[in-house]
Amino acid sequence: MTHTASPRKLSKFHFALAMLLPVYPLITALLYLVLPLTEGWTTWQRTAVIAPIMVFAIVFFVSPFVQKRFAGFILRGA
């Protein structure tokens, strides 16, 4: 007799909490790096530099890391 695992559903709230842990220090570090290099720039110009770096980091590094390491916390029984 085989045991089938019950389907698990993503808890968006738990996923958001788990994403906050690595994203907050990443944003802070980027700000410390970019702000001195962009003195005199407007906010939208600084954001135009930071946003692509953040998106790339989240999609290719942070999110896969969180999904792998915190799967038990973010996935709940359906």
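Predicted model: local features only at pLDDT ≥ 70, side-chain atom pairs only at ≥ 80, totals over all residues.

Biologist: What makes the pairing of the H14 and R76 side chains a polar contact?

Modeller: The two side chains come together at 3.0 Å. The cut-off is 3.5 Å, so that distance passes.

Biologist: Which backbone oxygen does the H14 side chain reach?

Modeller: The one of F73, at 2.9 Å.

Biologist: Why is H14 called buried?

Modeller: Its relative accessibility is 18%. Buried means under 20%, so H14 counts as buried.

Biologist: Where does H14 sit, and what does H14 touch beyond four places away in sequence?

Modeller: H14 lies in helix α1, which covers residues 12–37. Leaving out residues up to four places away, H14 touches F73, I74 and R76.

Biologist: What is the pattern of the protein along the sequence?

Modeller: It reads β-α-α-α-β, with three helices and two strands.

Biologist: How much of the protein is buried?

Modeller: Buried residues are 21% of the 78. The accessible surface is about 6,200 Å², and carbon and sulfur atoms hold 72% of that.

Biologist: And what share of contacts between residues at least 6 apart joins residues at least 24 apart?

Modeller: That share is 77%.

Definitions and conventions
Residues numbered from 1 in each chain as written. Heavy atoms only, no water. Buried < 20%, exposed > 50% of the residue type's maximum accessible area, 1.4 Å probe, protein only. Contact = heavy atoms within 4.5 Å. Areas by Shrake-Rupley, 256 points an atom, 1.4 Å probe, with all protein chains shown as cover. Polar contact = N/O pair within 3.5 Å; in protein donor to acceptor, adjacent residues only side chain to side chain.
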